[in-house]
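Open the model in your viewer and keep the selection tool at hand. This tour goes stop by stop, saying what to select and what is there.

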Amino acid sequence: MDPFSAEGELINIHNAFHQGQYPAVIDFDPAALSPENQLPARILQLRAQIALGQSAAVLAELAGEDDSNPDLAAVKALAQQSAGDLESAHTLAQDLAENFPDNGTVQVLAGTVLQAQGHSEEALALLAKHQGSLEAVALIVQIHLHQNRSDLALKEVQAAKRWAQDSLLVNLAESWVGLRVGGEKYQAAFYVYEELASAPGTAAPLSIVGQAVAELHLGRLPEAEAALSTALEKYPDEAEVIANAIVLNVLAGKSAEELEGRLQQTHPSHPLLSDIQEKSDLFDSAAAKYAPRVLA
Amino acid sequence: MQSSPNMLTKFESKSSRAKGIAFHPKRPWILVSLHSSTIQLWDYRMGTLIDRFEEHDGPVRGIDFHPTQPMFVSGGDDYKIKVWNYQTRRCMFTLNGHLDYVRTVFFHHELPWILSASDDQTIRIWNWQNRSLICTMTGHNHYVMCAQFHPTEDLIASASLDQSVRIWDISGLRKKHSAPTTISFEDQMARANPGQADMFGNTDAVVKFVLEGHDRGVNWVSFHPTLPLIVSAGDDRLIKLWRMSDTKAWEVDTCRGHFQNASACLFHPHQDLILSVGEDKTIRCWDLNKRTSVQSFKRDLDRFWVIAAHPEINLFAAGHDTGVMVFKLERERPASAVYQNQLFYITKEKHVKSYDFGKNVESPPMLSLRKLGSPWVPPRTLSYNPAERAILVTSPTDGGVYELIHLPRDATGAVEPTDVKRGQGTSAVFVARNRFAVFSQGNQQVDIKDLSNATTKSIKPPVGTTDIYFGGTGCLLFITPTSVVLFDIQQKKQLAELAVSGVKYVVWSNDGLYAALLSKHNVTIVTKTLEQVSSLHETIRIKSAAWDDAGVLLYSTLNHVKYSLLNGDNGIIRTLDQTVYLVKVKGRSVYCLDRSAKPRVLDIDPTEYRFKLALVKRNYDEMLQIIKTSSLVGQSIISYLQKKGYPEIALQFVQDSQTRFELALECGNLDVAIEMARELDRPNLWTRLGAEALAHGNHQTVEMAYQKQRNFDKLSFLYLSTGDQEKLSRMAKIAEHRGDFTSRFQNAIYRGDVEDRIQMFKEVDLYPLAYLTAKSHGLTEEAESILEACGLTEDQITLSTIEEPLRVPQPIVPTFKANWPVKAAAHSSFEKALLGEVGEVDDEVAAIEFEPEEEGEVAAARDTFEDEEEDVAGWDMGDEINVEEDAEFVDVEGAEAGAGGAEADLWARNSPLAADHVAAGSFETAMQLLNRQVGAVNFAPLKPRFLEIYKGSKTYLPASAGLPPLVNYVRRTVEETDSRKVLPVIPRDLETIANVDLQEGYAAMRANKLEDGVKVFKGILHSILLNTVSSEAEVEQAKKIIATAREYILAMSIELERRSLSTDTPEGLKRSLELSAYFTIPKLEVAHRQLALMAAMKFAFANKNYSSALSFANRMLANGGSPKLLEQARKIKLQSERSAQDKIDIEFDQFAEFDICAASYTPIYGGSPSVSDPFTGAKYHEQYKGTVCRISEVTEIGAPASGLRLFVPGQY
């Protein structure tokens, strides 16, 4: 039986991870699990630590472990990637992809590392080998969306829906696609995120941001503002909360400088900032081509 | 046979054995005749005993209300029939004649007849108008237990212990007693030769049918209200159904079930049901068509004797050994659910319908739920799932069942649903998009199910749970008899519990933040985390509730619609003539379902609760709005405000002077108090005003109050204490005039005026005192002259030693000149809002002070944008733009693998508008477009706008951990999915610019913050330059805004230039005068132009340029406006007219039309060469051609341009 299925004992920790409730994942006590589920639980916990930016601690913990375990090696690759050691992460990931292409953890984590470094095709090739792993499906969907291939992403989601209709990950992946496709799908995506965000047990930055993003796309600025301002109070340092709050403020015609400063401080490498910087330079060079005929 | 879950007891009384019952046809009253000889009149809705009638001797068995008159009839074991008036509460008369117990009495529905059945084996008809017996029917050979009139025809049915039921024809009696008409021959014949006379020769009432079938005595018989059917109940424990035609009558069927004597039976007035009661302590309900038992209700100890039905509404009453119970057979609350603008509900025919609140129309039936539950039991609840467009319906049949049904896309008629999922459960509600919860009370379990009806999770609810409700997303509310529990399904955890008993319904507010828990007599408002906010009690039963969008709860009781604010303040909104179930509140309309499940709209006046809500939220603008637009004057609202501590607000409502005075004193508003005191001019008001003003230290008001009261002593003392010597001496003079010596003496002492005192003593012949005064103050001469006048010498008098006289202290501070510093009267912000309206004119005047740098704040925006006819050159919307539009769309999605194009690239392709290109990040093409359209060359000032648009174009959606967020593109075409039509959202739409930015600019103008103003208006120009609009009309509006911004920038720049000049040199002064004159030229809002004119006028006047000043004054007067302003203009005009010459000659032709060059600030007269800016249309002297426009700072003056493009038809 799939340990992550609704009846499995990992369902709670698994859902918590994918809902972005990383502290809850770390606090989870794996002692009560059956032996064969101990490792997957531990991997989820390590991944949650990495997601919270504690990759150094993870690397330290893994240093003493057996290197031959592909699962833990995959976690290590992810931790290296997150810590900024891109080169070793890449090598390790490629290595794992070659030697253990059928290991689920390797597929997902090495796939993540490859994609993060821009090797989308390699990542897709590795992930395509999955055997009914929803995580792999979600990752494939995201990569397709990243490549602006919403058609392929949609196909992937619909295929997965046939065998795992109610899974949280499939719902999320469908919402990702929905937010790209637009129209009626915006509302559907909104429902998914709203459901997660409004239940006290599942609320996390991830779901609130998702809800707010859906509201933004639906043009419902006041609602989006309500969601984001509560999120900002609760999670003042979450990159995506700040980034989307900037977008919201701009759309609402308000000043976003304070938030931009905050993002610059907490997440200087956020795509929004680098993107704006790039465009700002582009503007300057483009504007330089024009001048009045007579200088006053 | 099942016991009934549906029999809803509404009222029960405790008494001795109840033998007869009658419903009042209109009022909620029931008459009960008891074995103890008493007749009781109950209000079953309030549960109160209204009256008792005790004149019978022994048990009273028969009782009936008259259908229209205020009277009733009773018959008892004392052989008497009594007719009563319940208004006068007296027995009007007694009909004697029966020779044994009277069993039943009934009024005829239209004739003045009473029908009685008696143990003397007769049935009698009485006329209650002439109080006579008109007919005796004999034939039964045992006690007659019951006799009833047919509801429409001239028939009577009787039941007797002789085991028969008889049907009597009384048409003969009616003919005999109806008003005499021309009698036809046949009638005469019939009268003369009574053909079918009975054995006593009686033709008035003849037996038509004898129904035999019961094999014991028959206790009761009833006609069907419309069909030719009869039902009877007998001691053989059977209920028998009979049918009759004109010629014969026969037994149809028998209902078997009672296991003791059946006492009474009747037909359901509206449904195909028979109801019967018996000594086996049961009430039974039978299907009329199948004669099967539908339901039964059993009492533990009491035998039932009688049953009655309300003629109109769904109510029954049954009498038993220890009293009466009033009950309904089924719930009348229609199952319904509201989602946004739609109501879904189930009609009495069990059809699912929807109702659109926006259009106020009912849909045709969408589904038929005929097969749900049993045919006699209406569905109990309906839960709607918008994401799946599915409904979840529950029915209490068989211990509770639910069905999950998908609604059809279109309402096409009452079709049987396909693909129905069903199961057992007491209640079922949707808890999430794809989950619902089913509660089974029997085994106390909640199952969470998915849409395929498979259980995904089971929860054990708290012990004794009776019902479940939606508890916010992912949560459930468990209702137990004593508490409500909030439960998180995902975590399987109890989040909160609140002790509140007997909750029956839960109504969530529209925003999901609050819920109202309704029990029979209480409403408890809680937050979504189940914290109690407020609670209120109603003596009348609470039926339903719905939330206003503003967060006010409206609820209905049996006879009222009421409201409750979150803080528990409540009140009545309107009365109801029938019970309704509220479903939604929208503005002035309350939507509800009535008992027949028809949507109805009630009009309400929400003013009162909106006002109170505004008060609680301190939303003074709204209050002001309400005060202005509604007639919200009334003692109740005033006392409410006073009670809540807002006398100053109450003051705004009151017209009555006396009340105004009281309120003004209470909130310390002396100005109003003075005004009112003047109006009323009553001494006691002045006294109180004086006392209050004294407490404030407002001695000027105190003075006025004392003056009004002619209270000289106090007035003098007031002057003394404030040090007003002058007025004190005036008081002394007044005292002298009045000849009031005491007062005069007092004033003299206050003033330290010794001479006056001596003089006064002399006048009243108190020479010794006069002498003493003079002497003690060292006025020796005066003292001696007094002695002399008295003819005495110094030796003749003895004086005690005189000490140094007390000097009256001199005032050091001239307190009288001004009031003591008074703490600024506590103007509430509400008053400020009120005063702000009045004060604005003054503020504007203040803005015109000649040194405008020193002004105070000016009240907030008020002006609306006014049209200004100004042609903008260079705008030619007809021109086609020459942009490289892709002739053919390349379908990038054909490729099997590899990356696709981002949506942003599509935007640039889909639109020829510069703003869309900016959002797409294609800055080069955007600049090309702007350059061609409006000759934009200097892009630096547009950078913030470029980046603003670009920043607003994307959102960042976190997805898988470890990867960068997914970037999505925000569209203004929210509904569109065709990639060839999607377009980006552009922040700061035209509406925002007109309503926010433009007003900010005006405010800057009023507040004299010109640098800021220039910045704001330039920002407006830049925002419009990169924008999109949705219609041609908006294009026009955008043009007007551009023109307005241009005029204001020009005007403000001129004035700023003037302020930077020194006026010390003659040239500087001349230029200043010119610039102040030019400041009046741009086409500003009238109020603002007046400011410019005022400044120019005063400046010119001060520099003796009377001719110019005169022309400005004339222009001001022509413009009109605030009286203060005009007053000044008039004064200056008068003075200037005396010598209408300019001292300094300036370049300003007040009679010519001209433009101002926006670069040099000099006039461009008509006919002289000029160039204009392609974007703003600003005019320049020719030498500025090719430079950057001073107004927009972006575009090139005189550049060739095709015109700004903001709109593509069909694009939005």
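## Stop 1

Select strand 14 of chain B and strand 15 (residues 155-160) of chain B: the two run antiparallel, joined by five bridges. This is a predicted model. Now pick B:Cys146. Its bridge partner in strand 15 of chain B is B:Ala159.

## Stop 1: strand 27 of chain B and its two partners

Select strand 27 (residues 316-320) of chain B. Is this strand mostly covered, or mostly open? It is mostly covered, with five of its five residues buried. Turn the view to check each face. On one side, B:Phe316, B:Ala318 and B:His320 are buried.

Five bridges join strand 26 to strand 27 of chain B, and the two run antiparallel. Find B:Phe304, which stands opposite B:His320 in strand 27 of chain B. Follow the chain between these two strands: a hairpin joins them through six residues.

Strand 27 and strand 28 of chain B pair over five bridges, in the antiparallel sense. Look for B:Gly319, opposite B:Val324 in strand 28 of chain B. These two strands also form a hairpin, with two residues between them.

## Stop 3

Select strand 35 (residues 390-395) and strand 36 (residues 401-406) of chain B. Six bridges join them, and they run antiparallel. B:Ser395 stands opposite B:Val401 in strand 36 of chain B.

## Stop 2: the nonpolar cores

Show both chains. Which residues touch the most other members of the largest nonpolar core? They are A:Ala77, A:Ala110, B:Leu554 and B:Met1097, in a core of 283 residues. Helix 24 (residues 1032-1060) of chain B supplies the largest share of this core, eleven residues.

Zoom in on B:Leu554. Leaving aside neighbours within four places in sequence, its contacts include B:Val561, B:Tyr563, B:Ile573 and B:Leu582. B:Asp548 is also among them.

## Stop 3: where chain B meets chain A

Select the contact between the chains. It takes 64 residues from chain B and 65 residues from chain A. On the side of chain B that touches chain A, the elements giving two or more residues are helix 20 (923-934), helix 21 (943-951), strand 57 (954-957) and strand 58 (966-969) of chain B. Helix 21 of chain B gives the most, with six residues. Colour that side by class: it has 29 nonpolar, 21 polar and 14 charged residues. For the complex, the predictor gives an ipTM of 0.90 and a pTM of 0.55.

## Stop 4: chain B as a whole, coloured by confidence

Of its 1212 residues, 43% count as buried.

Now colour by pLDDT. Chain B averages 82, and 89% of the residues score at least 70. Among the elements of chain B, strand 10 (residues 102-107) has the highest mean pLDDT, at 95. Helix 17 (residues 829-846) of chain B has the lowest, at 46.

Finish with two stretches of chain B. Over residues 192-197, pLDDT stays under 50, and the model has five contacts beyond four places in sequence for them. Over residues 836-897, pLDDT also stays under 50, and the model has 85 such contacts.

Notes: Residues are numbered from 1 along each chain as its sequence is written. Chains are lettered from A and ligands numbered from 1 in the order in which they are written. This is a predicted model: local features need pLDDT of at least 70, side-chain atom pairs count only at pLDDT 80 or more; totals for chains, interfaces and linings use all residues. Two strands pair if DSSP finds at least two bridges between them. Helices (H or I, at least four residues) and strands (E, at least two) are DSSP runs, numbered from the N terminus. Two residues are in contact if their C-beta atoms, placed from the backbone, lie within 7 Å. Ala, Val, Leu, Ile, Met, Phe, Trp, Tyr, Cys and Pro count as nonpolar, Asp, Glu, Lys and Arg as charged, and the others, Gly among them, as polar. pLDDT is the predictor's confidence in each residue, from 0 to 100. A nonpolar core is a set of buried Ala, Val, Leu, Ile, Met, Phe, Trp, Tyr and Cys residues joined through C-beta atoms within 7 Å. A residue is buried if 20 or more other C-beta atoms lie within 10 Å of its own, exposed if 12 or fewer, and partly exposed in between; C-beta atoms are placed from the backbone.
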